[in-house]
Amino acid sequence: MHFSIPKGGQGVTTALYPGSFDPITNGHLDIAARAAKLFQKVVVGVYDSPAKDLLFTTEERVDLARQSLADYPNIEVEPFSGLTVKFAEKVGAQAIVRGLRIGADFEYEREMALMNKNLSPDIDLVCLMASLQYQFLSSGRLKEVASLGGHINDLVPKPVAEALKKKALIST
Ligand code: ADP
């Protein structure tokens, strides 16, 4: 049987974990930390202009991610704009990491992965399953709960809880 997939063997060393991170949550941290065990280097790419209403500026999102991931020597945080695959190429990543929660994430990631593969065939998608305790956690839901006065301190790193407080989304 003949396979047309070229032989590799060097192993994947750098991965890009892209997202909006508005703001970074413990669910994101869990994925980034697990990716940092699998890859020599992980670049957390903070997307400049996602098609979402943002609470934090790009600078704030990068800053919060950097503070939250400061203990991981092989994780870097960088902002980016434009195509994710182009940024992956720029930072020398051979893989894009994403986190999968419930079913909807899978459909979205599958479509995006096919488009990205078309744009940049050498870069592969690696999806990590969200840990059980973070399956329900999204930045959007977090902001909603925070704005309604719900307790979110155990869902986000400390700098994020502080930043939400400053944005007056938490009263305590
Ligand atoms: P995007 O706008 O690109 O979806 P997000 O910041 O919402 O950016 O998410 C970035 C990545 O992290 C996505 O792959 C998303 O599925 C994943 N993710 C978000 N929240 C969680 C969580 N609680 N557990 C695991 N993965 C998550």
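Author: Helices here are DSSP runs of type H or I with at least four residues, numbered from the N terminus. The model is a predicted one, and a place to begin is Ser 139, which lies in helix α5. Ser 139 counts as buried because its relative accessibility is 13%, and buried means under 20%. Its side chain reaches the backbone oxygen of Pro 23 at 2.9 Å, and, leaving aside neighbours within four places in sequence, Ser 139 is in contact with Asp 22, Pro 23, Thr 25 and His 28.

Turning to the ligand, 17 residues surround it, and the closest are Tyr 17, Ser 20, Lys 52, Gly 99 and Leu 137. A backbone N or O atom of Leu 137 lies 2.8 Å from a nitrogen atom of the ligand, while a polar side-chain atom of Arg 101 lies 3.2 Å from a ligand nitrogen atom. An N or O atom in the side chain of Arg 98 is 3.0 Å from an oxygen atom of the ligand. Taken alone, the ligand exposes 550 Å², of which the protein buries 91%. By class, the shell consists of seven nonpolar, five polar and five charged residues, and β1, α1, β4 and α4 each supply at least two residues of it.

Tyr 17 also belongs to the largest nonpolar core, which has 34 residues, and is among those with the most contacts inside it, as are Val 42, Val 44, Leu 69 and Val 97. To this core α1 gives the most, with five residues.

Terms used
Residues are numbered from 1 along each chain as its sequence is written. This is a predicted model: local features need pLDDT of at least 70, side-chain atom pairs count only at pLDDT 80 or more; totals for chains, interfaces and linings use all residues. Side-chain values use heavy atoms; hydrogens and water are left out. A nonpolar core is a set of buried Ala, Val, Leu, Ile, Met, Phe, Trp, Tyr and Cys residues joined through side-chain atoms within 4.5 Å. Buried means under 20% relative accessible area, exposed over 50%, partly exposed in between (1.4 Å probe, protein chains only). A polar contact is a pair of N or O atoms within 3.5 Å; within protein, one must be able to donate a hydrogen and the other to accept it, and residues adjacent in sequence count only if both atoms are side-chain atoms. Contact means heavy atoms within 4.5 Å. A residue is near a molecule or strand if one of its heavy atoms lies within 4 Å of it. Accessible areas come from the Shrake-Rupley method with a 1.4 Å probe; for residues, only the protein chains shown count as cover. Ala, Val, Leu, Ile, Met, Phe, Trp, Tyr, Cys and Pro count as nonpolar, Asp, Glu, Lys and Arg as charged, and the others, Gly among them, as polar.
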